[in-house]
Amino acid sequence: MHSPFSSRVPTLILLGALLFGGCSISKWTVKPHQRELLADKIMQLDAEPQEREAEEHVLANREGAIGGTGTSGGGCGCN
Amino acid sequence: MQLTRLLALACAVGATLGAAERAQAATAEASTRVTMFDEPSSKNTGVRVYHPQADVSVTAASTFNVAAGYSADVVTGATPATFDVVSAATKFSDTRHLVHGGFGFEQSDGGIAFSAAYGWESDYKSFVLSGTTHHDLYEHNFTLGLAYSHNFDKVCDADNSAAAGLPLDRVALGKSSGCFTSTPGYVTHPLAIDTFEPSLSWTMTPRLVVQGGATIQILDGFQANPYRKVALGQENRTPQEHLPDFRQRYALFARMAYALPELRASTLVMLRGYDDSWAVRAFTADATGTKYLGQSMLMSIRAHYHIQSGASFYRDAIGYQTLGPAGQYWTGDRELSPMGNYLFGGKIAFFRRPQQERQSWFVEMELGAKYELLLYRPQSQFGPNPDRTFAQIVQAAFAMRF
């Protein structure tokens, strides 16, 4: 009897290789020389912390929700 | 006058830091910002808040940085003392001060920072300790961020010890003149707030950065507005607002920054889902588009949308007066009512960056202005503050980098 798992094994191995394989990661990574656009200040998720603090101060007192402001930069790695 | 002094102080500090930069090969930034929040009312003077901020930071040898700052809220206006169908407003004014400072270490693949803040006003004191860390993974393509903060807050209240176990007999705080003293009739309640925020950023393509994360916040202590009364039932009882002492808040969020190099522009988007133990559920979306105009100008437009359900114990003014409270708690807070907000606005910034070959005492100077319109959409005309349908936010900013 044909096991339903037998056809899934190669697929799982392939997915695992794509997800965790070093080669696949290196193919998916953005190289330092490709980061010119990402380094621009208009691409920073937290470019203006002082302005963000003022905004949060206004909205936190007028909306019953918090969060979503992020804790660090956008993974630019420009330093 | 106070704001002018703040601006002058920040410029003087900036000039000093500029001199320090030349002497010690450090980089520094000084920035000031003044925000005016104006919420007019069709019945009274509404509320106006001036929020000046001044911050300085210095980074030495690209690895160690220190930062300090001051901000204030100068609040004047009128607010309804009692949440009922025909609320009368009471005039008030108060000033909140906040000082903060911190330090951090940065390396090529990560960093860690610690900060402390102390805020005080006539009826509330707050001391916050915070720590954040971030670490880059897989050739800087992923950034794992973790942030934690703890508040040691104190809230002034009327002494309701005689009404222990009888929340309908609680009286509201009349004035704050006796707060944080030994004056009879006043007590101080503690409020502890723990906030934890993990996030993961992914540089997906040379144009696209995405970030996902969560915010978890636990509050334990007195959380009501001590001045607010709520009209309950038809016997003219107006006890102090009564909220649970414990609240757990959760949010999941996703953010994205996408570059549009053909337009010399970018777009930033944030989506957030929120839930808490008081049954407030909310969804928020925020989008900002930013574009360079020429070599020295930036223009942004922003749209923000928020919708939420009310807390499980919330009723509108008619509901509280005809049906009574929904359980043992009651509130007159707009942020605990079912409602929506829309915000639209724009910002323009001019900056000057002297050429590297020229002698200059600064690296960049930036001058900005912002206007935003916040529209309130309450679900019921008998909800809190029906006389205030919108607010305006005007902001001016000045920053120098050395």
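Guide: Of the 79 residues in chain A, 30% count as buried, a residue being buried if 20 or more other C-beta atoms lie within 10 Å of its own, exposed if 12 or fewer, and partly exposed in between, with C-beta atoms placed from the backbone. This is a predicted model, in which local features need pLDDT of at least 70 and side-chain atom pairs count only at pLDDT 80 or more, while totals for chains, interfaces and linings use all residues. Residues are numbered from 1 along each chain as its sequence is written, and chains are lettered from A and ligands numbered from 1 in the order in which they are written.

Chain A has three helices and zero strands, where helices (H or I, at least four residues) and strands (E, at least two) are DSSP runs numbered from the N terminus. The contact takes 32 residues from chain A and 60 residues from chain B, two residues being in contact if their C-beta atoms, placed from the backbone, lie within 7 Å. Helix α3 (residues 49-60) of chain A gives the most to the side of chain A that touches chain B, with five residues. That side of chain A divides into twelve nonpolar, 16 polar and four charged residues; here Ala, Val, Leu, Ile, Met, Phe, Trp, Tyr, Cys and Pro count as nonpolar, Asp, Glu, Lys and Arg as charged, and the others, Gly among them, as polar.

The largest nonpolar core has eleven residues, including A:A65 and A:I66 from chain A and B:F253, B:Y274 and B:W278 from chain B; such a core is a set of buried Ala, Val, Leu, Ile, Met, Phe, Trp, Tyr and Cys residues joined through C-beta atoms within 7 Å. A second, separate core of ten residues includes A:I42, B:A259, B:L268 and B:L298. Returning to B:F253, its contacts include A:G67 and A:G68 as well as B:G213 and B:M270, not counting residues up to four places away in sequence.

One backbone detail in chain B also deserves attention. Most residues other than glycine have a negative phi. B:A279, however, has a positive phi near 75°, and B:A279 is found in the loop between β13 (265-276) and β14 (281-293) of chain B. With 13 other C-beta atoms within 10 Å, B:A279 is partly exposed. B:H140 likewise has a positive phi, of about 65°, but B:H140 counts as buried because 21 C-beta neighbours lie inside 10 Å.
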